[in-house]
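Please keep the sequence and the model in view while going through the points.

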Amino acid sequence: MNIKPLADRVLVEPAEAETKTASGIIIPDTAKEKPLQGRVLAVGQGTKDEEMVLKAGDNVLYGKYAGNEVEIDEKKLLIMRQSDVLAVIG
C-alpha cells in the first residue's frame, strides 16, 4: 500500500473495538462502539497556514465522527484533517 495524504490530511488505522467486557461478556458486532483512537500511518505535507505536527507512528485520539472511512487492502482506514485529531497519546 502506497498512499500519501494531501495537504493537512492524515491516514489513521483505527484501534480494534473491544470484543469482551472485563467480566468476560462477549459484545456482538452490532453493539461495538466505534474506536476513538488509532495509529497514524501516513501524513501530508501540511499547508502554508498549518504545519504538520503529526508523524507516522503517532497514536492519536480523534472525534467520534472524524474523517472519511476508506477500505484499502481489505483494511478499514480513516482519512481526516490534522485538526480532527484531538491528542497524541504519549
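Predicted model: local features only at pLDDT ≥ 70, side-chain atom pairs only at ≥ 80, totals over all residues.

The numbered points below take up the overall build, the salt bridges, the surface patches and the backbone angles.

1. The protein chain has 6 strands and 0 helices. Read from the N terminus, its elements follow the order β-β-β-β-β-β.

2. Burial and surface. Of the 90 residues in the protein chain, 27% are buried. The protein chain exposes about 6400 Å², and carbon and sulfur atoms supply 50% of that area.

3. Contacts across the sequence. Consider the contacts in the protein chain between residues at least 6 apart in sequence: 62% of them join residues at least 24 apart.

4. The position of Asp8. Is Asp8 buried or exposed? Asp8 counts as buried because its relative accessible area is 6%, and the limit for a buried residue is under 20%. Asp8 lies in the segment before strand E1, which covers residues 9-14. Apart from neighbours within four places in sequence, Asp8 is in contact with Gly46, Thr47, Glu50, Met52, Met80, Arg81 and Gln82.

5. The salt bridge of Asp8. Side chains of opposite charge can pair when their charged atoms come close. The structure holds 4 salt bridges. In one of them Asp8 is paired with Arg81, and the closest N and O atoms are 2.6 Å apart.

6. The salt bridge of Glu13. Which residue forms a salt bridge with Glu13, with closest N and O atoms 3.2 Å apart? The partner is Lys75. Lys75 counts as partly exposed because its relative accessibility is 37%.

7. Asp58 forms a salt bridge with Lys55, and here the closest N and O atoms are 3.2 Å apart. Asp58 is buried, at 9% relative accessibility, while Lys55 is exposed, at 51%. Elsewhere, salt bridges that share partners join Glu13, Arg39 and Lys75 into one network. The reader may wish to locate these three residues in the model.

8. The negative patch. Which residues gather in a patch of negative charge on the surface? They are Glu69, Glu71, Asp73 and Glu74. Asp73 is found in the loop between strand E4, residues 68-72, and strand E5, residues 75-81. Glu74 is placed in the loop between E4 and E5 as well. Asp73 is called exposed because its relative accessible area is 57%, and the limit for an exposed residue is over 50%. Glu74 is likewise exposed, with a relative accessible area of 76%.

9. Most residues other than glycine have a negative phi. Asp73 has a positive phi of about 50° although it is not a glycine. Glu74, also a residue other than glycine, has a positive phi near 60°. A reader who inspects the loop between E4 and E5 will find Asp73 and Glu74 there.

10. The nonpolar patch. Which residues form a nonpolar patch on the surface? Leu61, Leu86 and Ile89 do so, and together they have about 270 Å² of accessible area. Ile89 is placed in strand E6, residues 85-89.

Notes
Residues numbered from 1 in each chain as written. Heavy atoms only, no water. Patch = residues over 30% accessible without salt bridge, like charges linked within 9 Å, V, L, I, M, F, W, Y side chains within 5 Å. Areas by Shrake-Rupley, 256 points an atom, 1.4 Å probe, with all protein chains shown as cover. Salt bridge = Lys/Arg side-chain N within 4 Å of Asp/Glu carboxyl O. Lys, Arg positive; Asp, Glu negative; His and termini not counted. Charge placed at Lys NZ, Arg CZ, Asp CG, Glu CD. Helix = DSSP H or I, 4+ residues; strand = E, 2+ residues; numbered from the N terminus. Buried < 20%, exposed > 50% of the residue type's maximum accessible area, 1.4 Å probe, protein only. Contact = heavy atoms within 4.5 Å.
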